[in-house]
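Good morning. Please look at the structure on the screen while I go through it, starting with the overall build and then moving to a few single residues.

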Amino acid sequence: QVQVVESGGGLVQPGGSLRLSCTASGSIFTLDVMSWYRQAPGKERELVATITSGVSTTYADSVKGRFTISRDNAKNTVFLQMNSLKPEDTAVYYCNAYIRSTGVSRVNPYWGQGTQVTVSS
């Protein structure tokens, strides 16, 4: 059994910063691509940032230069450092991880439960 759990959301003023964390646990053999998505009310879920096991990163244009994704492979954890936050960054942020479980030949995607980020004065 594999679990993916996010933490670090909250309420922050415009221009402020937050750091999200996402940790995978359970019967993990390999942890491959990890990503952050977000979904604002009434909108579709969108990809925010991705990091490969080789630490190559990609970002949505809307967050480039403000958000940084990183990972700690020893702790099966991915981070999203969010700076210069704007009201339009308000959303539920979800972690997605591609994991090969112990004894399983294929890689499967796993989602966390989401963490709310609200940017408001």
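The protein has 11 strands and zero helices. Here a helix is a DSSP run of H or I with at least four residues, a strand is a run of E with at least two, and both are numbered from the N terminus. Read from the N terminus, the order of elements is β-β-β-β-β-β-β-β-β-β-β. The radius of gyration is 14 Å, close to the 14 Å that the globule rule gives for 121 residues, so the protein is as compact as a globular protein of that length. That radius is taken over C-alpha atoms, and the globule rule is 2.2 Å times the number of residues to the power 0.38.

A word on where this comes from. This is a predicted model, in which local features need pLDDT of at least 70 and side-chain atom pairs count only at pLDDT 80 or more, while totals for chains, interfaces and linings use all residues. Residues are numbered from 1 along each chain as its sequence is written, and side-chain values use heavy atoms, with hydrogens and water left out.

Next, some totals. Along the principal axes, the C-alpha atoms fill a box of roughly 50 × 25 × 25 Å. The accessible surface is about 6,400 Å², and carbon and sulfur atoms hold 48% of that surface. Such areas come from the Shrake-Rupley method with a 1.4 Å probe, and for residues only the protein chains shown count as cover. Of the 121 residues, 39% count as buried. Buried means under 20% relative accessible area, exposed means over 50%, and partly exposed is in between, with a 1.4 Å probe and protein chains only.

What share of the contacts with a separation of 6 or more comes from residues 24 or more positions apart? The share is 55%. A contact means heavy atoms within 4.5 Å.

Now the core. A nonpolar core is a set of buried Ala, Val, Leu, Ile, Met, Phe, Trp, Tyr and Cys residues joined through side-chain atoms within 4.5 Å. The largest one here has 30 residues, and Trp36, Leu80, Met82 and Tyr93 have the most contacts inside it. Several strands each supply at least two residues of this core, among them β1 (2–7), β4 (28–39) and β9 (91–101). Which strand gives the largest share? That is β9, with five residues.

Leaving aside neighbours within four places in sequence, Tyr93 is in contact with residues including Glu6, Leu20, Trp36, Phe67, Leu80, Met82 and Val117.

Asn96 sits in strand β9. Is Asn96 buried or exposed? Asn96 counts as buried, because its relative accessibility is 3%. With neighbours within four places set aside, its contacts include Val33, Met34, Ser35 and Trp111.

For contrast, go to Phe29, in strand β4. Phe29 has a relative accessible area of 58%, so it is exposed. Beyond four places in sequence, Phe29 touches Arg100, Ser101 and Thr102. Phe29 and Pro87 are 58 residues apart in sequence, and their C-alpha atoms are 39 Å apart in space.

Val63 is in the loop between β6 (57–59) and β7. Although Val63 lies in a loop, it counts as buried, because its relative accessibility is 1%. Apart from residues up to four places away, Val63 touches Arg38 and Val48. From Val63 to Gln1 the separation is 62 residues in sequence and 33 Å in space, C-alpha to C-alpha.

Last, two backbone angles. Asn76 is not a glycine, yet has a positive phi of about 50 degrees. Asn76 belongs to the loop between β7 and β8 and is partly exposed, because its relative accessibility is 21%.

Ser84 is in the loop between β8 and β9. Ser84 is partly exposed, because its relative accessible area is 40%.
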